[in-house]
Amino acid sequence: MTGATEQLEKLEQEILAAVSGAGDERTLEDVRVSALGKKGSVSLLMKGLGGMEPEERKLMGPALNGLKNKIGDAIADRQGALHEVALEARLAGERIDVTLPVRPERKGTIHPVSQVLDEVVQIFGDMGFAVAEGPHIETDFYNFEALNIPAEHPARQEHDTFYFNEREDGSRMVLRTHTSPVQIRTMEKQEPPIRIIAPGRTYRCDSDQTHTPMFHQIEGLVIDETTHLGHLKWCLEEFCKAFFEVNDLKMRFRASHFPFTEPSMEVDIGCSFDDGKVQIGVGDDWLEILGSGMVHPYVIRAGGLDPDRYQGFAFGMGLDRLAMLKYGISDLRAFFEADLRWLRHYGFSALAQPTLPGGLS
Ligand code: PHE
């Protein structure tokens, strides 16, 4: 009897030594199979229990079970440790030195639209605006209805909307035709004071030198209890001066109409078209750059806020257009052709992030 117990102890020591000696997960698995597998040393001993005298079995049964559990636990521990070691080794092997300089033959550039987006975000960020987002595939409600553009409104035709197929309930999703739906989504989510800009892709079925089916807009929305037209003017003036880097920029707020703002204004900046190219900040011509206005009470209500308590302004402008104007790019379609020569020429250095103190461009 004592012989059997001694034998077990010896076996235990051997197996545990093999477990802790296993240097990788494969070796450990071999150890497991040789002990606990179908024909493993411990399994065979357990099979022998049936043929033992009852007295002997009473002793050996629990002992063998204990041994089996002990080995199982030791293997699991070792496995965890080996796994960790393997992971460490892999991470060390896959380490990338991000401080290495860019390889000259793979020099990428920042697309003018991304550059302009970064610049705009910098300027409005400095004025306390946060960046908001919304989906590109919108419901009729967010893209039109909530913005005071009901089903038969003529403004719908102007939008050249891409519609999806009708759904079972008869409704149709659209590719958003402007970033204005983010106004509604923001009001639904956030209590005033609201101060956001919402840049992103927009879609209209239109294509020529200055229109592409996909383009970029940036929306602005300010809502609180006392915001008025003076704030709108100041904000857009400061933006234009900073963006075009012209201190005495001439600006004109021209009465216009949008269903979602009242009153509505389009903003023109002073420029010259001499010699067939646009120059911002000089000359006596005007160039329209954005749409704006005081948010219509209907829209505030559609956003879930009380228009008797809250008011504010909104604006929207084309990012691609801003890029064309600021960087003298004449054909919008080239923006989306992914022509490497064009990108190298008009692209910006990835290392020169635009900042207000450091300079925008
Ligand atoms: N959504 C308008 C457009 O796409 C722009 C706009 C936004 C006008 C906000 C006024 C206020 O033309």
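## Exercises on a predicted model

Proline 263 has its place in strand S7, residues 261-272. The model you are looking at is predicted, so keep that in mind as you work along.

**Exercise 1. Which two prolines are joined by a cis peptide bond, and where is proline 193 found?**

Solution. Step one is the bond: proline 192 and proline 193 are joined in cis, with omega at about 5 degrees. Step two is the location: proline 193 sits in the loop between helix H8 (181-189) and strand S4 (194-203).

**Exercise 2. Describe how helix H2 packs with helix H4.**

Solution. Two packed helices are described by the angle between their axes and the distance between the axes. For H2 (residues 25-36) and H4 (residues 54-93), the angle is about 170 degrees and the axes are 10 Å apart. Angles over 145 degrees count as roughly antiparallel, and therefore H2 is roughly antiparallel to H4. Next, look for the residues that meet. H2 brings Glu25, Leu28, Arg32 and Leu36, while the H4 residues include Lys68, Ile71, Ile75 and Arg78. Sorted by class, this contact has six nonpolar, three polar and four charged residues.

**Exercise 3. Now try helix H9 and helix H11: what is the angle between them, and which residues meet?**

Solution. H9 (residues 229-244) and H11 (residues 319-327) pack at about 50 degrees, with their axes 11 Å apart. This angle makes the two helices oblique to each other. On the H9 side you will find Phe239, Phe243 and Phe244; they meet Leu322, Leu325 and Lys326 of H11. Counting by class gives five nonpolar residues, no polar ones and one charged.

**Exercise 4. How many residues surround the ligand, and which are the closest?**

Solution. There are 14 residues around the ligand, and the closest are His178, Ser180, Arg204, Gln217 and Glu219. Go on to the polar atoms. A polar side-chain atom of histidine 178 is 3.0 Å from a ligand nitrogen atom. In serine 180, an N or O atom of the side chain lies 2.9 Å from a nitrogen atom of the ligand. Glutamine 217 has a polar side-chain atom 3.0 Å from an oxygen atom of the ligand. To finish, consider area: the ligand taken alone exposes 330 Å², and the protein buries 90% of that.

**Exercise 5. Asparagine 148 and alanine 338 are not glycines; is phi positive or negative in each?**

Solution. Begin with asparagine 148, where phi is positive, at about 65 degrees. This residue is in the loop between helix H6 (140-143) and helix H7 (155-158). Alanine 338 also has a positive phi, near 55 degrees. Look for alanine 338 in the loop between H11 and helix H12 (340-346).

Methods. Residues are numbered from 1 along each chain as its sequence is written. This is a predicted model: local features need pLDDT of at least 70, side-chain atom pairs count only at pLDDT 80 or more; totals for chains, interfaces and linings use all residues. Side-chain values use heavy atoms; hydrogens and water are left out. Axes are lines fitted to C-alpha atoms, for helices over the stretch in contact, and angles run from 0 to 180 degrees between N-to-C directions. Helices (H or I, at least four residues) and strands (E, at least two) are DSSP runs, numbered from the N terminus. Angles under 35 degrees count as roughly parallel, over 145 as roughly antiparallel, 65 to 115 as roughly perpendicular and the rest as oblique. Contact means heavy atoms within 4.5 Å. Ala, Val, Leu, Ile, Met, Phe, Trp, Tyr, Cys and Pro count as nonpolar, Asp, Glu, Lys and Arg as charged, and the others, Gly among them, as polar. A residue is near a molecule or strand if one of its heavy atoms lies within 4 Å of it. A polar contact is a pair of N or O atoms within 3.5 Å; within protein, one must be able to donate a hydrogen and the other to accept it, and residues adjacent in sequence count only if both atoms are side-chain atoms. Accessible areas come from the Shrake-Rupley method with a 1.4 Å probe; for residues, only the protein chains shown count as cover.
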